[in-house]
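Thanks for coming, everyone. Please open the model on your screens, and we will walk through it together.

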Amino acid sequence: MELRQLRYFVEVAEREHVSDAAAELHVAQSAISRQIANLESELGVELFEREGRNVRLTHIGKIFLTHTKTALKAIDHAKKQIDEYIDPERGSIKIGFPTSLASNLLPTVISEFKKKHPKIGFQLRQGSYNFLIESVENREIDVAFLGPVPTDHPDIIGDILFTESFYALVPNTHRLAEQSIVNLRDLHNEDFVLFPEGYVLHQLVIDGCKQAGFSPKVSSQGEDLDAIKGLVAAGIGITLLPESAFNDLNPYYSAKVAIQNPELKRTVGIIIPKNRKLAPSEQVFYEFIKEFFSILQRFQ
(Lines give C-alpha, C1' and ligand atoms only; values in the text may rest on other atoms or scores of the structure.)
Protein backbone atom coordinates (compact mmCIF):
# COMPACT_ATOMS: atom_id res chain seq x y z
CA MET A 1 0.00 0.00 0.00
CA GLU A 2 1.51 3.31 -1.10
CA LEU A 3 0.89 6.83 0.16
CA ARG A 4 0.23 7.89 -3.42
CA GLN A 5 -2.57 5.33 -3.72
CA LEU A 6 -4.23 6.63 -0.56
CA ARG A 7 -4.15 10.24 -1.77
CA TYR A 8 -5.60 9.20 -5.14
CA PHE A 9 -8.31 7.23 -3.36
CA VAL A 10 -9.36 10.18 -1.16
CA GLU A 11 -9.48 12.58 -4.11
CA VAL A 12 -11.67 10.23 -6.18
CA ALA A 13 -13.89 9.46 -3.19
CA GLU A 14 -14.56 13.13 -2.48
CA ARG A 15 -15.18 14.05 -6.14
CA GLU A 16 -16.95 10.82 -7.14
CA HIS A 17 -15.38 11.18 -10.56
CA VAL A 18 -12.03 9.80 -11.72
CA SER A 19 -11.39 12.35 -14.47
CA ASP A 20 -12.16 15.28 -12.12
CA ALA A 21 -9.73 13.84 -9.59
CA ALA A 22 -7.12 13.40 -12.29
CA ALA A 23 -7.48 17.03 -13.35
CA GLU A 24 -7.12 18.22 -9.76
CA LEU A 25 -4.05 16.07 -9.14
CA HIS A 26 -2.51 16.78 -12.58
CA VAL A 27 -2.19 13.05 -13.18
CA ALA A 28 -3.38 10.91 -16.08
CA GLN A 29 -6.79 9.33 -15.51
CA SER A 30 -5.39 5.91 -16.43
CA ALA A 31 -2.72 6.25 -13.72
CA ILE A 32 -5.33 6.94 -11.04
CA SER A 33 -7.55 4.08 -12.21
CA ARG A 34 -4.57 1.71 -12.17
CA GLN A 35 -3.43 2.72 -8.69
CA ILE A 36 -6.93 2.39 -7.23
CA ALA A 37 -7.30 -1.03 -8.87
CA ASN A 38 -3.99 -2.04 -7.26
CA LEU A 39 -5.22 -0.76 -3.90
CA GLU A 40 -8.48 -2.72 -4.18
CA SER A 41 -6.54 -5.82 -5.19
CA GLU A 42 -4.23 -5.51 -2.18
CA LEU A 43 -7.15 -4.97 0.21
CA GLY A 44 -9.25 -7.69 -1.37
CA VAL A 45 -12.39 -5.54 -1.57
CA GLU A 46 -14.08 -3.15 -3.98
CA LEU A 47 -13.90 0.42 -2.70
CA PHE A 48 -16.06 1.91 -5.45
CA GLU A 49 -19.17 1.08 -7.41
CA ARG A 50 -18.92 2.27 -11.02
CA GLU A 51 -21.92 4.20 -12.36
CA GLY A 52 -21.11 5.26 -15.89
CA ARG A 53 -18.51 8.01 -15.63
CA ASN A 54 -19.18 8.49 -11.93
CA VAL A 55 -18.14 6.34 -8.99
CA ARG A 56 -19.68 5.80 -5.57
CA LEU A 57 -18.05 4.47 -2.43
CA THR A 58 -19.13 1.04 -1.31
CA HIS A 59 -20.01 0.53 2.34
CA ILE A 60 -16.51 -0.72 3.11
CA GLY A 61 -15.12 2.10 0.97
CA LYS A 62 -16.79 4.67 3.24
CA ILE A 63 -15.22 3.04 6.29
CA PHE A 64 -11.82 2.94 4.61
CA LEU A 65 -12.14 6.63 3.61
CA THR A 66 -12.68 7.70 7.23
CA HIS A 67 -9.58 5.90 8.44
CA THR A 68 -7.50 6.95 5.43
CA LYS A 69 -8.23 10.65 5.96
CA THR A 70 -7.26 10.32 9.62
CA ALA A 71 -4.04 8.55 8.68
CA LEU A 72 -3.10 11.12 6.03
CA LYS A 73 -3.68 13.97 8.47
CA ALA A 74 -1.39 12.26 10.97
CA ILE A 75 1.28 11.75 8.32
CA ASP A 76 1.04 15.36 7.14
CA HIS A 77 1.28 16.56 10.73
CA ALA A 78 4.33 14.36 11.36
CA LYS A 79 6.05 15.73 8.26
CA LYS A 80 5.22 19.26 9.35
CA GLN A 81 6.78 18.64 12.77
CA ILE A 82 9.95 17.31 11.15
CA ASP A 83 10.18 20.28 8.76
CA GLU A 84 9.66 22.73 11.61
CA TYR A 85 12.08 20.91 13.88
CA ILE A 86 14.71 21.67 11.25
CA ASP A 87 13.59 25.31 11.01
CA PRO A 88 10.73 26.42 13.34
CA GLU A 89 10.73 29.90 11.81
CA ARG A 90 9.57 28.64 8.41
CA GLY A 91 6.37 26.92 9.51
CA SER A 92 2.76 27.62 8.53
CA ILE A 93 -0.16 27.85 10.95
CA LYS A 94 -3.84 27.21 10.16
CA ILE A 95 -5.89 29.58 12.32
CA GLY A 96 -9.66 29.54 12.74
CA PHE A 97 -11.75 32.48 13.89
CA PRO A 98 -15.39 33.60 14.13
CA THR A 99 -16.77 36.61 12.28
CA SER A 100 -17.02 38.67 15.49
CA LEU A 101 -13.23 38.60 15.94
CA ALA A 102 -12.26 39.19 12.32
CA SER A 103 -12.01 42.97 12.18
CA ASN A 104 -9.92 43.76 15.26
CA LEU A 105 -8.45 40.92 17.30
CA LEU A 106 -7.11 38.79 14.46
CA PRO A 107 -5.30 41.56 12.52
CA THR A 108 -3.81 42.92 15.75
CA VAL A 109 -2.32 39.67 17.04
CA ILE A 110 -1.04 38.50 13.66
CA SER A 111 0.58 41.88 13.00
CA GLU A 112 2.37 41.79 16.38
CA PHE A 113 3.41 38.17 15.94
CA LYS A 114 4.86 38.81 12.47
CA LYS A 115 7.15 41.48 13.92
CA LYS A 116 8.93 38.75 15.88
CA HIS A 117 8.47 35.83 13.49
CA PRO A 118 8.28 37.25 9.95
CA LYS A 119 8.90 33.95 8.15
CA ILE A 120 6.05 31.98 9.70
CA GLY A 121 3.03 31.90 7.39
CA PHE A 122 -0.70 31.72 8.06
CA GLN A 123 -3.76 30.08 6.57
CA LEU A 124 -6.94 31.69 7.90
CA ARG A 125 -10.33 29.99 8.10
CA GLN A 126 -13.50 31.74 9.27
CA GLY A 127 -16.31 29.61 10.67
CA SER A 128 -19.07 29.09 13.18
CA TYR A 129 -18.52 28.14 16.82
CA ASN A 130 -19.09 24.39 16.42
CA PHE A 131 -17.24 24.29 13.09
CA LEU A 132 -14.11 25.75 14.70
CA ILE A 133 -14.17 23.29 17.58
CA GLU A 134 -14.68 20.32 15.25
CA SER A 135 -11.96 21.55 12.90
CA VAL A 136 -9.41 21.75 15.72
CA GLU A 137 -10.47 18.26 16.86
CA ASN A 138 -10.12 16.87 13.32
CA ARG A 139 -6.73 18.51 12.60
CA GLU A 140 -8.19 20.68 9.85
CA ILE A 141 -7.22 23.78 11.85
CA ASP A 142 -4.23 24.03 14.19
CA VAL A 143 -5.56 26.64 16.65
CA ALA A 144 -8.68 28.79 16.79
CA PHE A 145 -9.88 31.94 18.49
CA LEU A 146 -13.30 31.52 20.02
CA GLY A 147 -15.89 33.11 22.27
CA PRO A 148 -17.15 31.89 24.65
CA VAL A 149 -14.25 29.58 25.48
CA PRO A 150 -15.19 25.90 26.02
CA THR A 151 -13.85 24.79 29.39
CA ASP A 152 -15.13 21.20 29.70
CA HIS A 153 -14.63 19.73 26.23
CA PRO A 154 -12.95 16.29 26.34
CA ASP A 155 -10.71 16.90 23.30
CA ILE A 156 -10.07 20.65 23.49
CA ILE A 157 -7.91 22.88 25.71
CA GLY A 158 -9.33 26.38 26.03
CA ASP A 159 -7.40 29.37 27.36
CA ILE A 160 -9.37 32.49 28.27
CA LEU A 161 -7.59 35.61 27.02
CA PHE A 162 -10.12 38.23 28.12
CA THR A 163 -13.77 38.82 28.96
CA GLU A 164 -15.89 41.33 27.07
CA SER A 165 -19.32 42.90 27.52
CA PHE A 166 -22.23 42.92 25.10
CA TYR A 167 -23.73 46.21 23.87
CA ALA A 168 -26.95 47.08 22.12
CA LEU A 169 -26.63 48.23 18.52
CA VAL A 170 -29.52 50.49 17.50
CA PRO A 171 -30.29 52.63 14.41
CA ASN A 172 -29.16 56.25 14.81
CA THR A 173 -32.84 57.30 14.59
CA HIS A 174 -33.81 55.03 17.49
CA ARG A 175 -35.08 56.50 20.77
CA LEU A 176 -32.10 54.95 22.60
CA ALA A 177 -29.41 56.21 20.22
CA GLU A 178 -28.52 59.16 22.47
CA GLN A 179 -28.43 57.12 25.68
CA SER A 180 -25.19 55.79 27.13
CA ILE A 181 -26.76 52.85 28.97
CA VAL A 182 -30.03 50.89 28.99
CA ASN A 183 -31.61 48.19 31.14
CA LEU A 184 -31.90 45.00 29.11
CA ARG A 185 -35.46 44.53 30.35
CA ASP A 186 -36.43 47.80 28.62
CA LEU A 187 -35.77 46.20 25.23
CA HIS A 188 -38.54 43.62 25.58
CA ASN A 189 -40.81 45.32 23.00
CA GLU A 190 -38.08 45.84 20.40
CA ASP A 191 -37.67 43.92 17.15
CA PHE A 192 -34.36 42.03 17.20
CA VAL A 193 -31.99 41.20 14.35
CA LEU A 194 -30.02 38.06 15.22
CA PHE A 195 -27.83 35.37 13.78
CA PRO A 196 -29.83 32.22 12.88
CA GLU A 197 -30.45 29.44 15.39
CA GLY A 198 -27.39 27.26 15.81
CA TYR A 199 -25.03 30.24 15.96
CA VAL A 200 -23.53 30.80 19.41
CA LEU A 201 -24.19 34.58 19.29
CA HIS A 202 -27.86 33.81 18.69
CA GLN A 203 -28.02 31.63 21.79
CA LEU A 204 -26.09 34.09 23.96
CA VAL A 205 -28.58 36.85 23.15
CA ILE A 206 -31.57 34.57 23.73
CA ASP A 207 -30.17 33.44 27.09
CA GLY A 208 -29.36 37.00 28.13
CA CYS A 209 -32.86 38.23 27.35
CA LYS A 210 -34.37 35.32 29.26
CA GLN A 211 -32.27 36.34 32.28
CA ALA A 212 -33.93 39.74 31.99
CA GLY A 213 -37.37 38.11 31.95
CA PHE A 214 -38.39 38.10 28.29
CA SER A 215 -37.93 36.32 24.98
CA PRO A 216 -36.78 38.64 22.20
CA LYS A 217 -38.99 39.19 19.14
CA VAL A 218 -36.76 38.18 16.24
CA SER A 219 -37.85 40.09 13.14
CA SER A 220 -34.88 39.35 10.87
CA GLN A 221 -31.76 37.22 10.71
CA GLY A 222 -28.35 37.55 9.09
CA GLU A 223 -25.58 34.97 8.70
CA ASP A 224 -22.62 37.33 9.08
CA LEU A 225 -21.73 40.38 11.11
CA ASP A 226 -21.95 42.87 8.24
CA ALA A 227 -25.44 41.65 7.37
CA ILE A 228 -26.58 42.08 10.99
CA LYS A 229 -25.14 45.59 11.19
CA GLY A 230 -26.67 46.49 7.83
CA LEU A 231 -30.14 45.41 8.90
CA VAL A 232 -29.84 47.45 12.09
CA ALA A 233 -28.60 50.50 10.18
CA ALA A 234 -31.60 50.16 7.85
CA GLY A 235 -33.95 50.42 10.83
CA ILE A 236 -35.15 46.80 10.69
CA GLY A 237 -34.47 46.25 14.38
CA ILE A 238 -31.80 46.25 17.09
CA THR A 239 -29.26 43.65 18.12
CA LEU A 240 -26.85 42.76 20.92
CA LEU A 241 -23.19 42.21 20.04
CA PRO A 242 -19.91 41.70 21.93
CA GLU A 243 -17.63 44.71 22.21
CA SER A 244 -15.06 43.31 19.75
CA ALA A 245 -17.69 43.48 17.00
CA PHE A 246 -17.90 47.29 17.17
CA ASN A 247 -14.45 48.11 15.86
CA ASP A 248 -15.73 49.52 12.55
CA LEU A 249 -18.99 51.06 13.79
CA ASN A 250 -20.24 53.93 11.61
CA PRO A 251 -21.97 56.43 13.95
CA TYR A 252 -23.77 57.98 10.99
CA TYR A 253 -26.00 54.91 10.72
CA SER A 254 -26.14 53.31 14.16
CA ALA A 255 -25.24 53.75 17.82
CA LYS A 256 -23.69 51.57 20.54
CA VAL A 257 -25.44 51.52 23.93
CA ALA A 258 -24.14 49.81 27.09
CA ILE A 259 -26.37 47.20 28.78
CA GLN A 260 -27.09 46.67 32.45
CA ASN A 261 -29.45 44.58 34.61
CA PRO A 262 -28.16 42.08 33.69
CA GLU A 263 -24.81 42.93 32.17
CA LEU A 264 -24.05 40.40 29.43
CA LYS A 265 -20.49 39.11 29.00
CA ARG A 266 -18.59 36.39 27.17
CA THR A 267 -15.10 34.94 27.46
CA VAL A 268 -12.79 35.10 24.44
CA GLY A 269 -9.78 32.87 24.02
CA ILE A 270 -7.79 30.38 22.03
CA ILE A 271 -8.34 26.64 21.69
CA ILE A 272 -5.91 23.86 20.81
CA PRO A 273 -6.28 20.06 20.61
CA LYS A 274 -5.86 18.18 23.88
CA ASN A 275 -4.58 14.91 22.41
CA ARG A 276 -2.11 16.20 19.82
CA LYS A 277 1.21 17.94 20.36
CA LEU A 278 1.46 21.26 18.56
CA ALA A 279 4.06 21.64 15.82
CA PRO A 280 6.94 24.02 16.72
CA SER A 281 5.54 27.06 14.88
CA GLU A 282 2.08 26.43 16.36
CA GLN A 283 3.56 26.22 19.86
CA VAL A 284 5.46 29.46 19.32
CA PHE A 285 2.24 31.19 18.24
CA TYR A 286 0.23 29.71 21.11
CA GLU A 287 2.71 30.87 23.74
CA PHE A 288 2.98 34.29 22.09
CA ILE A 289 -0.79 34.79 22.22
CA LYS A 290 -1.05 33.90 25.91
CA GLU A 291 1.83 36.22 26.79
CA PHE A 292 0.50 39.03 24.57
CA PHE A 293 -2.89 39.11 26.28
CA SER A 294 -1.38 38.60 29.72
CA ILE A 295 0.64 41.80 29.21
CA LEU A 296 -2.45 43.63 27.91
CA GLN A 297 -4.45 42.63 30.99
CA ARG A 298 -1.74 43.98 33.32
CA PHE A 299 -1.89 47.41 31.66
CA GLN A 300 -5.68 47.68 31.71
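Where is proline 262 found? Proline 262 sits in the loop between strand S11 (254-260) and strand S12 (265-273). Those labels come from DSSP runs, numbered from the N terminus: helices are H or I with at least four residues, strands are E with at least two. Asparagine 261 and proline 262 are joined by a cis peptide bond, with omega at about -5 degrees.

Some ground rules. This is a predicted model, so to speak with care: local features need pLDDT of at least 70, side-chain atom pairs count only at pLDDT 80 or more, and totals for chains, interfaces and linings use all residues. Residues are numbered from 1 along each chain as its sequence is written, and side-chain values use heavy atoms, with hydrogens and water left out.

Back to the loops. There is another cis bond, from glycine 147 to proline 148, with omega near -5 degrees. Proline 148 lies in the loop between strand S5 (143-146) and strand S6. Now go to glutamate 16. Its phi is positive, about 55 degrees, although the residue is not a glycine. Glutamate 16 belongs to the loop between H1 and H2.

That brings us to those helices. How do H1 and H2 cross? Their axes come within 8 Å, and the angle is roughly 125 degrees. Axes here are lines fitted to C-alpha atoms, for helices over the stretch in contact, and angles run from 0 to 180 degrees between N-to-C directions. H1 and H2 are therefore oblique to each other. On that scale, under 35 degrees is roughly parallel, over 145 roughly antiparallel, 65 to 115 roughly perpendicular, and the rest oblique. H1 passes H2 in a right-handed crossing.

Who touches whom? From H1 come Tyr8, Glu11, Val12 and Arg15; they meet Val18, Asp20, Ala21, Glu24 and Leu25 in H2. Contact means heavy atoms within 4.5 Å. By class, that contact has five nonpolar, no polar and four charged residues. Nonpolar covers Ala, Val, Leu, Ile, Met, Phe, Trp, Tyr, Cys and Pro; charged covers Asp, Glu, Lys and Arg; the others, Gly among them, are polar.

Next pair: H5 and H9. They pack at about 115 degrees, with axes 11 Å apart. H5 and H9 are therefore roughly perpendicular to each other. Their crossing is right-handed. H5 brings Leu105, Thr108, Val109, Glu112, Phe113 and Lys116, while H9 brings Val284, Phe285, Phe288, Ile289, Phe292 and Phe293. Nine of these contact residues are nonpolar, one is polar and two are charged.

Now the empty space. Rolling a probe the size of a water molecule over the atoms shows where empty space is left. On a 1 Å grid over the protein atoms alone, a cavity is a set of points where a 1.4 Å probe fits but cannot get out; a pocket is an open set with protein on both sides within 12 Å along at least five of seven lines; lining residues have an atom within 4 Å of a point. Points are joined across faces, edges and corners, and volume is the space filled by probe spheres set on them.

The largest pocket has a volume of about 550 Å³. It has 18 lining residues, and Leu72, Lys73, Asp76, Lys94 and Arg139 are the closest to its centre. Helix H4 (59-86) gives the largest share of that lining, six residues. Which classes line the largest pocket? Two nonpolar, three polar and 13 charged residues.

The second largest pocket holds about 320 Å³. Of its 16 lining residues, Asn104, Leu105, Phe162, Ser244 and Phe293 lie nearest the centre. H9 gives the most to this lining, with four residues. The classes here are seven nonpolar, seven polar and two charged.

Last stop: the count comes to one cavity of 30 Å³ or more. About 40 Å³ of space lies in the largest cavity. Its lining includes Val193, Leu201, Ile228 and Thr239. S10 gives the largest share, three residues. Eight of the lining residues are nonpolar, one is polar and none is charged.

That's the tour. Over to you.

Conventions:
Left-handed = near helix turned anticlockwise from the far one by under 90°.
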